[in-house]
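Subject: Handing over the two-chain structure

Dear colleague,

Please find below the structure that I promised to pass on, followed by my notes on what was found in it. I would be grateful if you could read the notes with the coordinates open beside you.

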Amino acid sequence: MHSELEAIYAGHADFVWRTLLRMGVSRADVGDALQDVFLVVHQQLASFEGRSALSTWLFTICRTVATKRRQRYRRERENVVDSSPEELIDLRADVGRAAEHNQELILLETILESIDANQRNVFILFELEKMSGEEISEALGIPLGTAYSRLQLARNSFRQALTRHQAKARFEDLRAGGNS
Amino acid sequence: MTDPIRWSEAGDSATETEQMLVRSGQAQQMPSEEKRALWSQIAGALPPAGVPTVAQTAAGLGSGSLLALKGLKALCVLAAASGLVIAGYHWLKQSRPAAVEKPALALAASLAPAVTAPVSALEVAPVAPQPEALSASAAATQAPASSHASQLREESLAVMAARQALRSNDAPRALHLLEQAQQRFKKGALAEEREALSIEALARSGQIARASTRAQAFLTSYPRSPHAADVQRFITK
């Protein structure tokens, strides 16, 4: 059982770590949350029947752990905000910290931030986590057609945001050149 | 319906920049050192070979409600609470901050109803230890605690108590407990955790300037601490 868990950890710890960060778990808490996820995995491994992909299963455990932590965090600050389950899933990562100033990741995050949350989640799971449409449908609890249409909308928004960013960067380059 | 082709695999249909960005997102990894350390902690919380599983222990108790890992976590903390060291000994040897919170999780888990979803195994609630829940079979597998383990256990419990006070919005009590712990465990393994908690407790009790000064000192002493980001928030200058 341990070797099985170790194999899952070796293959999926990065996915779990990224997913927890993207679900709003703070950088300081992500280690604890990750341990919780794998302890649940160990606990429930025997009952995992492989009806869904391993990554989908891990995603649902991450969501449970992240939601609990966020709720606890809110309670601790006496600032309880009622949120719909849909709103609780926000896969934006705090990449500024996690990536330690990796410029590409920061740009990626900036663009993702400009996309509608529901579309963004599908984009992240499909393009970054390489989940299939079926897996995304199951993980987010939405019909497959909805997953595809959100992906298309997210791609369009991503392109527009990237184009805007590039135009702005060109303009700033020109301005810097003109000033020198 | 067939999935569209991913941008990272699409060749001409995605621009070079789009491909580069999604690939950088795909490649984002946790730091390898952190990955190894976390695995050690997880592995340390699992039952060692030859020790009866907690599911068996739970069955012996007739509770029938505990599942393997949840029960194991309970066992670890019950060992700590009763001054005994069982499987949780390996876990207790860890000085990472995550280890500090585990007993609270475990304790809550030991008292929770049957697991129907991952949620119940993760609930955290301030509850009192229940040493009577230890079964004879579990006790038979226990080894005597070393002085180091015993010291760490005591320090861990002291930090837990302070954390619980802070989470209950009793910052003055948390501060008092942390000061006591500082006297008692001057060179303790959990100094970093104690100081991070102290800074938060100072800020919450209105001592903003002191919290800020100590936060700066903390970041100098522990620049790579997992608490660094949280502590940073208390720097006011």
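Of the 180 residues in chain A, 51% are buried, where buried stands for a relative accessible area under 20%, exposed for over 50% and partly exposed for anything in between, computed with a 1.4 Å probe on the protein chains only. This is a predicted model, in which local features need pLDDT of at least 70 and side-chain atom pairs count only at pLDDT 80 or more, while totals for chains, interfaces and linings use all residues. Residues are numbered from 1 along each chain as its sequence is written, chains are lettered from A and ligands numbered from 1 in the order in which they are written, and side-chain values rest on heavy atoms, with hydrogens and water left out.

Chain A contains nine helices and zero strands, these being DSSP runs numbered from the N terminus (H or I with at least four residues for helices, E with at least two for strands). Among contacts in chain A with a separation of 6 or more, 67% join residues 24 or more positions apart, a contact being heavy atoms within 4.5 Å. The accessible surface of this chain comes to about 8,400 Å², and 48% of it belongs to carbon and sulfur atoms; such areas come from the Shrake-Rupley method with a 1.4 Å probe, and for residues only the protein chains shown count as cover.

Chain B has 13 helices and, again, zero strands. Buried residues account for 48% of its 237 residues, and 59% of the contacts in chain B with a separation of 6 or more are between residues 24 or more positions apart. Chain B exposes about 11,100 Å², with carbon and sulfur atoms supplying 55% of that area.

As a general matter, nonpolar side chains in soluble globular proteins tend to be buried together.

A:Thr64, which is found in helix 3 (residues 54-76) of chain A, is buried at a relative accessible area of 16%, and its C-alpha atom is separated by 8.9 Å from that of A:Val37, 27 residues away along the chain.

In chain B, B:Leu219 belongs to helix 12 (residues 208-221) and is buried, with 17% relative accessibility. Not counting residues up to four places away in sequence, B:Leu219 touches B:Ala228, B:Val231, B:Gln232 and B:Ile235. B:Ala196 lies in helix 11 (residues 191-204) of chain B and counts as buried at 11% relative accessibility; beyond its neighbours within four places in sequence, B:Ala196 is in contact with B:Phe218, B:His227 and B:Val231.

Between the chains, helix 7 (residues 117-128) of chain A packs on helix 1 (residues 16-26) of chain B at an angle of about 85°, with their axes 9 Å apart. That makes the two helices roughly perpendicular, a label for angles of 65 to 115 degrees, with axes taken as lines fitted to C-alpha atoms over the stretch in contact and angles running from 0 to 180 degrees between N-to-C directions. A:Phe123, A:Glu127 and A:Leu128 of helix 7 of chain A meet B:Val22, B:Gly25 and B:Gln26 of helix 1 of chain B.

Finally, A:Lys130 is found in the loop between helix 7 and helix 8 (133-140) of chain A, and has a positive phi of about 55° although it is not a glycine. At 42% relative accessibility, A:Lys130 counts as partly exposed.

Conventions: Parallel < 35°, antiparallel > 145°, perpendicular 65-115°, else oblique.
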